[in-house]
Amino acid sequence: MSARQTPVYFYSSKSGLVRSFAERLGRPVFDLSEREHRLSEADGPWVLLTPSYKTGNDRNDTIPEAVRRFLRSPVNRRRMVGVMGSGNRNFGRHYQMAARQIAARSGRPVLFEFEIAGTPWDVEECRRILAELDEALARDGGTPAA
Ligand SMILES: Cc1cc2nc3c(=O)[nH]c(=O)nc-3n(C[C@H](O)[C@H](O)[C@H](O)COP(=O)(O)O)c2cc1C
């Protein structure tokens with residue numbers, strides 16, 4: 001039997017760089033800029049994919065509001081198994097700040113990082129990492145997020 005495909009919940013702004021990456025992953029992906037998904041609960045283990053957006057406002061820096069909203073749910077927080085980020089190295093020490101902050105706070109690993117819309121190699125590498133994650137979760141019965 002093939003393993004469950006761990007879904008990816010992503011946020012993407014109007015420029016849609018992360019959306020185009022997510023849509024090339026060949027697995028279920030959910031767009032948190034859509035209210036229906038932002039207010040939903042993941043039905044099992046899931047992975048977050050977020051860009052970083054430095055706003056200049058220290059209190060509300062870098063993590064997109066839609067991602068914050070989805071993570072307000074304790075069920076979603078518990079079932080999140082990893083974090084992936086899109087960023088731009090031009091932002092220096094703020095590079096991938098959103099993904100890294102969420103990973104640090106949640107104790108979940110950063111599974112993959114790429115710049116801007118990602119290269120074809122990034123897409124392949126990310127697909128491979130997620131397929132390995134699917135297998136690992138299938139082996140241990142979906143814990144810790146079951
Ligand atoms: C206003 C603005 C602020 C950004 N701030 C950061 C940042 O702090 N760190 C980072 O790594 N990338 C930063 N980026 C780069 C974006 O995260 C990156 O381009 C991402 O792919 C955008 O995804 P999206 O088009 O799907 O929203 C910023 C981009 C813009 C336009």
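An oxygen atom of the ligand is 2.5 Å from an N or O atom in the side chain of S12, and an oxygen atom of the ligand is 2.7 Å from a polar backbone atom of S52. A nitrogen atom of the ligand, in turn, is 2.9 Å from a polar backbone atom of H94. Such a polar contact is a pair of N or O atoms within 3.5 Å; within protein, one must be able to donate a hydrogen and the other to accept it, and residues adjacent in sequence count only if both atoms are side-chain atoms. Of the 660 Å² of accessible area that the ligand has on its own, the protein covers 83%; these areas come from the Shrake-Rupley method with a 1.4 Å probe, and for residues only the protein chains shown count as cover.

Please note that this is a predicted model, in which local features need pLDDT of at least 70 and side-chain atom pairs count only at pLDDT 80 or more, while totals for chains, interfaces and linings use all residues. Residues are numbered from 1 along each chain as its sequence is written, and side-chain values use heavy atoms, with hydrogens and water left out.

I return now to S52. This residue lies in the loop between strand 3 and helix 3 (65–71). Is S52 buried or exposed? S52 is buried, because its relative accessible area is 18%, and buried means under 20%, exposed over 50% and partly exposed in between (1.4 Å probe, protein chains only). A polar atom of the S52 side chain lies 3.1 Å from the backbone nitrogen of M97, and a polar atom of that side chain lies 2.9 Å from the backbone nitrogen of A98. Leaving aside neighbours within four places in sequence, the residues in contact with S52 (heavy atoms within 4.5 Å) include T62, S86 and H94.

Finally, I turn to G44. G44 is placed in the loop between helix 2 (35–38) and strand 3 (46–51). G44 is buried, with a relative accessible area of 5%. Beyond its neighbours within four places in sequence, G44 is in contact with R4 and R79.

Conventions:
Helices (H or I, at least four residues) and strands (E, at least two) are DSSP runs, numbered from the N terminus.
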